[in-house]
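Me: I am new to this structure and would like to go through some of its parts with you. Could we begin once it is on the screen?

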Amino acid sequence: MTTDFPHPAATAGPWGDVPPPRVDPDARRRIRAARTEDRHIVAVLDDDPTGSQSVHGVQVVTVPDPEQYPAALAGDAPTCFVLTNSRSLAEPDAVRLTETAATDLLAEAARQGRPIDLVSRSDSTLRGHVWAEIRALHRARTAVHGAGYDGVLLVPAYLEAGRVTAGDTHWARVGGRFIPVGETEFARDATFGYRSSDLRDFVAEASRGAVPRDRVHAIGLADIREHGPDRVADILAAAEDGAIIVVNALDYADLETVALGVLAARRAGRALAFRSGPSFVRALAGQDPRPPVTAAEIRAAGRPAGHGLVVVGSHVGQTSRQLAVLRERTSLAEVELDVPALLAADRPEPLIDTAAERVTDALRRSHVLLMTSRAVVTGRDREDSLRLARRVSDALCRIVRSALAAGPAWVLAKGGITSHDLAVRGLGIRRAEVVGQLFPGMVSLFRPTVCDPRFAGRPYVVFAGNVGDDDALADAVHRLAGPGPDEQAGPSGSGE
């Protein structure tokens, strides 16, 4: 029998004692059976490409493209991710893209006569265009069905990474202990910073007061564990006019109970959407956990010739610590992109071309690490910081696109925006399958199905900036470059 991987303590923590987890070994089968009976679609709008870390065997469309949706949504009960990369965009652009993609997905489901759960997947540490994208979902549904959603469930849990919600407060495991997420480095993000750890307060903050705290509903752990799906369905039945419903969860059993309640509420006529972290997508799809991918799965088409390329664009503290361990443990040729020089240059092309030549030449001899300089450069405000980040990402894409001439055997991209841009503009990936993860519930392996021919059959690893313990990046590189089928995953820790 397949069981869940270890996750945070489900009964006690800094949030105090809570009821023991609800035991329903049949929950996932019931969710799958209901989805199959209804031919029910789960479509995920992912604001960077890291949201698939808890699922496997699903399709990913790397750019919103209505022509790709029928194939990606084929089957009795499909789950499909559409990568919007909206976290890299200014808010007006993110809203337009989200609304358009949501409208197209709702219209495709309506054309097929099938129910659809639309999930706006974002960061489990609460960064992103939260309120603006929730409102975009309402407008999309109104355009297709004449009315918005009765309620939107806010479910930021990412259990494998130690991101949990209890007492309506969201917690993150940092350095082996849980702290309120508003006290982490993620809350000080230059673009998406915030103060609140209590999710009711966070909704008020993110909505700039449009939704006061006392209008935010909640599904508590006692509701879930002591009363089950019926109680969840009752809470959802009371939601109207797009109410936000905070979901508490410490355990996959909590999320599966909520998913069963959602199915019951939907069959009773409730229209519900979701703003979630990675874990709830797995529960809503009714997927069983699976162990990390094997060496044979990583190299399903055989071991490709050549060397691997690691691209690090993320600047969060976890990434920098992981990068230091990688450089200590692994012999790679290193090429650093000088970000301050890039941003200061009137003509950055010579700097980019020089880096591209160095990477391409080094790949013919060894594995290569291409990284941005570690000093964080921020703009005058949130929008300016995003603009600078896009300039850096564009430079990385140009370097990787040039490096395809050397035939990299695999590519690992570290950072959400970085990994999306490299997939689309560096490697030409348009569709891919999520094979699984390198570590339990973390770091997805993509198998491109439509991409630049020079990268066909090669593994692409999407590694979020804020996931893993200090050894995780080095462990991932070892797995990709490792010699044989008996290699095992290293002792990676958690994060998104």
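Me: Which residue stands opposite T169 in β7?
Reply: That residue is A166. Please note that this is a predicted model.

Me: And how many bridges join β6 and β7?
Reply: There are 4 bridges between β6 and β7, which covers residues 169-174, and the two strands pair in the antiparallel sense.

Me: What order do the strands of that sheet have?
Reply: The order is β6-β7-β8 in an open sheet of 3 strands, with antiparallel pairing. At the edges are β6 (163-166) and β8 (177-180), each of which pairs on one side only. From one strand to the next, the twist averages 35°.

Me: What do strands of a sheet pair through, in general?
Reply: They pair through backbone hydrogen bonds, either parallel or antiparallel.

Me: Let us turn to aromatic residues. How many aromatic pairs are found in the whole structure?
Reply: The search finds 5 aromatic pairs. One of them is formed by W15 and W171, whose ring centres are 5.6 Å apart. Their planes lie at 70°, so this pair is edge-to-face.

Me: Where do W15 and W171 lie?
Reply: W15 is in the segment before α1 (27-38), while W171 belongs to strand β7. The pair therefore ties together parts that are 156 residues apart in sequence.

Me: Now the helices. At what angle do α13 and α14 pack?
Reply: The angle is about 45°, and the axes of α13 (residues 382-403) and α14 (residues 416-426) are 9 Å apart. That angle makes α13 oblique to α14. Their crossing is right-handed.

Me: Which residues meet there?
Reply: From α13 come S393, D394, L396, C397, V400 and R401, and they meet I417, T418, D421, L422, R425 and G426 of α14. By class, this contact has 5 nonpolar, 3 polar and 4 charged residues.

Me: One more pair, please. Within what distance do the axes of α3 and α4 come?
Reply: The axes of α3 (residues 91-112) and α4 (residues 130-145) come within 8 Å and cross at roughly 35°.

Me: Is the crossing of α3 and α4 left-handed or right-handed?
Reply: The crossing of α3 and α4 is right-handed. Residues of α3 in the contact include A94, V95, L106 and A110, and those of α4 include A136, L137, R139 and V144.

Me: What classes do the residues of that contact fall into?
Reply: The contact of α3 with α4 has 11 nonpolar, 3 polar and 5 charged residues.

Note on methods
Residues numbered from 1 in each chain as written. Predicted model: local features only at pLDDT ≥ 70, side-chain atom pairs only at ≥ 80, totals over all residues. Heavy atoms only, no water. Axes fitted to C-alpha atoms, helices over the stretch in contact; angles between N-to-C directions. Parallel < 35°, antiparallel > 145°, perpendicular 65-115°, else oblique. Left-handed = near helix turned anticlockwise from the far one by under 90°. Contact = heavy atoms within 4.5 Å. Nonpolar A, V, L, I, M, F, W, Y, C, P; charged D, E, K, R; others polar. Pairing = 2+ DSSP bridges. Phe/Tyr/Trp six-rings, centres within 6.5 Å; stacked < 30°, edge-to-face > 60°.
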